[in-house]
Amino acid sequence: MAYRKLGRDNKHRRSMLATLTKQLIINEKIETTETRAKEVRKCFDKMVTYGKSGSLVSRRLALAFLHNDNECVKKVFNELAPRYKDRNGGYTRIIKLKERKGDNSLMVILELV
């Protein structure tokens, strides 16, 4: 499976994706660059899939990815997974904004459907 490196080494990239995923779970909307949003979407879909499974193994995998943040995992398993129980993927929407002034990166809003 191909993935974007985002100009970071492996540890920094995984930490950044976990942090952005936590912020998306907490706030249900984040503003970021388009490439980061596309990668965070994959991570968030995996978290919701874990939540829909509901097993202890899934909860532990979600905790491991989200840096042992119990509040985020509780929200995924108790609120978000039941919300998307009839939906087979596509839990997020990307709305394009204008380019960032400094480096012309396309900014987007990533929000839950």
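Predicted model: local features only at pLDDT ≥ 70, side-chain atom pairs only at ≥ 80, totals over all residues.
**Entry 1**

I began with the strand order. Three strands make an open sheet, ordered E1-E3-E2, with antiparallel pairing. I noted that E1 (29-33) and E2 (92-99) are the edge strands; each has a single partner strand, so one side of each has no neighbour in the sheet. From one strand to the next the twist averages 25°.

I then went through the pairings. E1 and E3 run antiparallel and are joined by five bridges. One residue I looked up on this side was Thr33, which stands opposite Met107 in E3.

I asked how enclosed E3 is by the rest of the structure. Six of its seven residues are buried, so I wrote E3 down as largely enclosed.

Arg100 sits in the loop between E2 and E3. Is Arg100 buried, partly exposed or exposed? Its relative accessibility is 35%, so I recorded Arg100 as partly exposed. Setting aside neighbours within four places in sequence, I listed the contacts of Arg100 as Thr33, Ser105 and Met107. Two residues in that list, Thr33 and Met107, are the ones I had found opposite each other in the E1 and E3 pairing. I also checked Arg100 against Arg13, which is 87 residues away along the chain; their C-alpha atoms are 21 Å apart.

**Entry 1: helices H2 and H4**

I turned to H2 (residues 34-53) and H4 (residues 70-83). Their axes come within 8 Å and cross at roughly 95°. That angle makes H2 roughly perpendicular to H4.

Which residues meet where H2 and H4 touch? From H2 I listed Phe44, Met47, Val48, Tyr50, Gly51 and Lys52. From H4 I listed Val76, Phe77, Leu80 and Ala81. Sorted by class, this contact has eight nonpolar residues, one polar and one charged.

**Entry 2: the cysteines**

The whole structure has zero. I looked at Cys43 and found it in no disulfide; the nearest cysteine sulfur belongs to Cys72 and is 13 Å away. A disulfide needs the two sulfur atoms within 2.5 Å. Cys43 has 13% relative accessibility, so I counted Cys43 as buried.

Cys72 is in no disulfide, and its nearest cysteine sulfur is that of Cys43, 13 Å away. At 1% relative accessibility, Cys72 also counts as buried. The cut-off I used for buried is under 20% relative accessible area.

Note on methods
Residues numbered from 1 in each chain as written. Heavy atoms only, no water. Axes fitted to C-alpha atoms, helices over the stretch in contact; angles between N-to-C directions. Helix = DSSP H or I, 4+ residues; strand = E, 2+ residues; numbered from the N terminus. Parallel < 35°, antiparallel > 145°, perpendicular 65-115°, else oblique. Contact = heavy atoms within 4.5 Å. Nonpolar A, V, L, I, M, F, W, Y, C, P; charged D, E, K, R; others polar. Buried < 20%, exposed > 50% of the residue type's maximum accessible area, 1.4 Å probe, protein only. Pairing = 2+ DSSP bridges.
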